[in-house]
Amino acid sequence: MAGQKPKTLKRKGATADRGGFSRAFGEIANKTSQAAGRASAFMLAAGVVLVWAITGPLFQYSDTWQLVINTGTTIVTFLMVFLIQNSQNRDSAAIQVKLDELIRVGAARNSMVGIEHLTDDELEDLRGKCEARARAEKAADKTVNKTRKSARRAADKVAN
């Protein structure tokens with residue numbers, strides 16, 4: 001093992017070099033989505049809208065005055081869609097890897113690793129089977145508890 005390069009995890013479609021545009025976009029998307037979720041970002045946006053509304057009479061509520069807010073909000077919304085989607089994709093992938101690792105090292109069935117790649121119908125079928133198994137286990141637990149109580153009562157009768 002000494003002298004060997006550590007293996008790197010590669011995901012489908014990922015480039016070996018995570019530098020360049022992809023890395024820069026990821027960092028910008030992460031920082032921007034974190035900043036956009038802060039109270040100060042909301043207050044800034046609310047302040048911009050307030051200033052815009054206050055200036056309405058100054059510009060006689062003109063078409064240009066309305067176009068400013070419409071264009072600004074459209075551009076911000078358009079760009080934020082991509083940033084938010086990037087953050088959600090990254091978070092989802094990280095959570096999936098963590099879950100897969102817990103399944104792999106835990107008592108759960110290893111067949112569950114990678115199920116995020118199944119079709120919606122396959123996932124729904126699997127969900128139905130898991131729910132049926134959970135119901136069966138719950139019924140079994142009730143039966144065991146009922147049997148345990150009966151055994152205790154019988155033991156108490158014998159002891160008295």
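Visitor: What makes Glu124 and Arg127 a salt bridge?

Guide: In this predicted model, the closest N and O atoms of Glu124 and Arg127 are 3.4 Å apart, and because a salt bridge asks for a side-chain nitrogen of Lys or Arg within 4 Å of a carboxyl oxygen of Asp or Glu, the pair meets the rule. Both residues lie in helix α4 (residues 120-159), 3 residues apart, which is about one turn of the helix.

Visitor: Why is Glu124 called partly exposed?

Guide: Glu124 has a relative accessible area of 47%, and since buried means under 20% and exposed over 50%, that value falls in between. Arg127, with 45%, is partly exposed as well.

Visitor: How do you know that Asp125 forms a salt bridge with Lys129?

Guide: The closest N and O atoms of Asp125 and Lys129 are 3.4 Å apart, and the cut-off is 4 Å, so the pair counts. These two residues also lie in helix α4, 4 residues apart.

Visitor: What separates Arg23 and Glu27 along helix α1?

Guide: Arg23 and Glu27 are 4 residues apart in helix α1 (residues 20-36), and therefore about one helical turn separates them. Their closest N and O atoms are 3.5 Å apart, and they form a salt bridge, in a model where the count comes to 3 salt bridges.

Notes
Residues are numbered from 1 along each chain as its sequence is written. This is a predicted model: local features need pLDDT of at least 70, side-chain atom pairs count only at pLDDT 80 or more; totals for chains, interfaces and linings use all residues. Side-chain values use heavy atoms; hydrogens and water are left out. Buried means under 20% relative accessible area, exposed over 50%, partly exposed in between (1.4 Å probe, protein chains only).
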